[in-house]
Protein chains: 2
Amino acid sequence: MTFDEAKDKFIHTWGTLASQWGINRSMAQLHALLLIAPESLATEDIMEQLQISRGNASMNLRDLMDWGLIYKQLKPGERREFFYAEKDIWKVARQVAKERRRREITPVVEVLNELKAIPPDTPEAQEFLRVIAGLGNVVGFADSTLNAVIKAEENWLMGQFLKVFR
Amino acid sequence: MTFDEAKDKFIHTWGTLASQWGINRSMAQLHALLLIAPESLATEDIMEQLQISRGNASMNLRDLMDWGLIYKQLKPGERREFFYAEKDIWKVARQVAKERRRREITPVVEVLNELKAIPPDTPEAQEFLRVIAGLGNVVGFADSTLNAVIKAEENWLMGQFLKVFR
DNA sequence: TTGAATTTTCAAAATATTTTGAAAGGAATG
DNA sequence: CATTCCTTTCAAAATATTTTGAAAATTCAA
């Protein structure tokens with residue numbers, strides 16, 4: 001496999017994968033492209049390489065910046081904006097974990113807490129409360145795991161964890 | 001909040017959440033409904049409670065069975081099929097972890113292995129290989145984490161892990 | 001200021017996904 | 001068997017998401 005083939009395959013694969021994760025294809029491909037780019041790229045470069053429209057590029061670049069996965073660079077003497085990706089993959093993972101925790105875990109915890117306040121008068125209500133309590137535990141685990149990723153500034157604890165389960 | 005309100009809110013919330021996870025609303029709501037049902041339900045019950053069509057119910061029930069999250073029950077003297085959910089939430093989590101690992105992690109590992117075989121002749125290729133190697137580590141971590149969930153028949157190790165990071 | 005270069009916005013178009021419902025398929029009953 | 005009851009399938013319709021592209025906004029240099 002040549003480098004160009006590998007590059008295409010990488011960008012394509014990342015895009016396909018991301019859609020299973022609720023991230024749209026353009027955003028994922030954009031991220032993939034910037035991840036493997038040795039230099040920062042201008043919007044034009046991106047539009048051309050991925051064959052997407054200006055609007056699409058603009059919106060997804062912004063979303064990626066919101067996620068903290070890419071940065072804007074201003075080159076002296078250049079009017080255009082350039083973009084480059086965060087290359088420390090663990091930092092990327094931390095960033096994603098942090099965002100997903102905020103967007104997905106936190107709201108569920110709130111709803112579960114609300115729901116566990118109903119009176120346990122009927123069998124249905126009791127079953128319901130059991131399920132809610134169980135889900136609370138699982139969500140707690142997910143939360144802890146994401147926190148582990150987020151807080152692992154050093155790789156030591158992570159390494160310990162991996163050793164135990166491998 | 002009354003039980004009925006709580007039930008509706010739970011089903012609705014679960015459905016909304018799931019769509020961020022690439023699972024469709026009907027499937028998630030169906031699962032939520034069965035999770036909190038104290039008795040197994042017939043297709044008709046489900047159609048009525050969730051206001052969905054017969055075809056929709058049929059397809060999503062099958063998908064949930066494929067995921068190992070619900071079971072079919074045949075009641076003596078009844079011609080209709082009944083469905084009930086796996087109520088052990090940790091088992092549900094394990095099942096989901098197992099499926100996602102199979103569907104998402106395994107293919108990525110294969111592609112990454114393919115890609116890391118390119119010759120490191122240019123700076124671009126070298127950067128690419130660095131990124132691929134880094135992603136390999138992150139994916140390895142995700143894999144280990146899912147394995148931890150999958151293999152944790154007992155809660156002991158899980159508890160240890162949580163203690164360390166909490 | 002003005003105007004050229006660049007980015008952002010957003011309604012409409014394109015695409016993708018989900019849902020429906022009716023027809024076809026199966027299985028149990030008499 | 002034929003009939004009834006129930007489930008599955010799948011093309012078409014409905015919905016939701018993504019993408020486009022041109023107009024509006026912004027930025028910077030002169």
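How many residue pairs are in polar contact between chain B and chain A, counting pairs with both residues at pLDDT 80 or more? The count is six, a polar contact being a pair of N or O atoms within 3.5 Å; within protein, one atom must be able to donate a hydrogen and the other to accept it, and residues adjacent in sequence count only if both atoms are side-chain atoms.

The model is predicted, so local features need pLDDT of at least 70 and side-chain atom pairs count only at pLDDT 80 or more, while totals for chains, interfaces and linings use all residues. Residues are numbered from 1 along each chain as its sequence is written, chains are lettered from A and ligands numbered from 1 in the order in which they are written, and side-chain values use heavy atoms, with hydrogens and water left out.

We start with the protein-protein interface. Chain B brings 51 residues to the contact and chain A brings 51 residues, where contact means heavy atoms within 4.5 Å. The size of an interface is often given as the accessible area lost when the parts come together. Here chain B and chain A bury about 5100 Å² between them, with 81% of it on carbon and sulfur atoms; buried area is the accessible area (1.4 Å probe) that two parts lose on being put together, summed over both.

The rule finds four salt bridges across the interface of chain B and chain A, a salt bridge being a side-chain nitrogen of Lys or Arg within 4 Å of a carboxyl oxygen of Asp or Glu. One of them is formed by B:Glu114 with A:Lys9, whose closest N and O atoms are 3.1 Å apart. On the side of chain B that touches chain A, two or more residues each come from helix 1 (3-19), helix 2 (25-36), helix 5 (89-115), helix 6 (123-151) and helix 7 (156-165) of chain B. Helices are DSSP runs (H or I, at least four residues), as are strands (E, at least two), numbered from the N terminus. Helix 6 of chain B gives the most to this side, with 15 residues. By class, this side of chain B has 34 nonpolar, eight polar and nine charged residues; Ala, Val, Leu, Ile, Met, Phe, Trp, Tyr, Cys and Pro count as nonpolar, Asp, Glu, Lys and Arg as charged, and the others, Gly among them, as polar.

Aromatic pairs come next. Over all chains the count comes to eleven, with rings of Phe, Tyr and Trp (its six-membered ring) pairing if their centres lie within 6.5 Å; planes under 30 degrees apart count as stacked, over 60 as edge-to-face and the rest as tilted. The ring centres of A:Phe128 and B:Phe3 are 5.7 Å apart and the planes stand at 85°, so this pair is edge-to-face. The pair crosses between chains, from helix 6 (residues 123-151) of chain A to helix 1 of chain B.

The protein also meets DNA. Helix 4 of chain A gives the most to the surface near DNA strand C, with five residues.

An N or O atom in the side chain of B:Arg62 is 2.4 Å from a phosphate oxygen, whereas the side chain of B:Arg79 places an N or O atom 2.8 Å from a base oxygen. Helix 4 of chain B gives the most to the surface near DNA strand D, with five residues.
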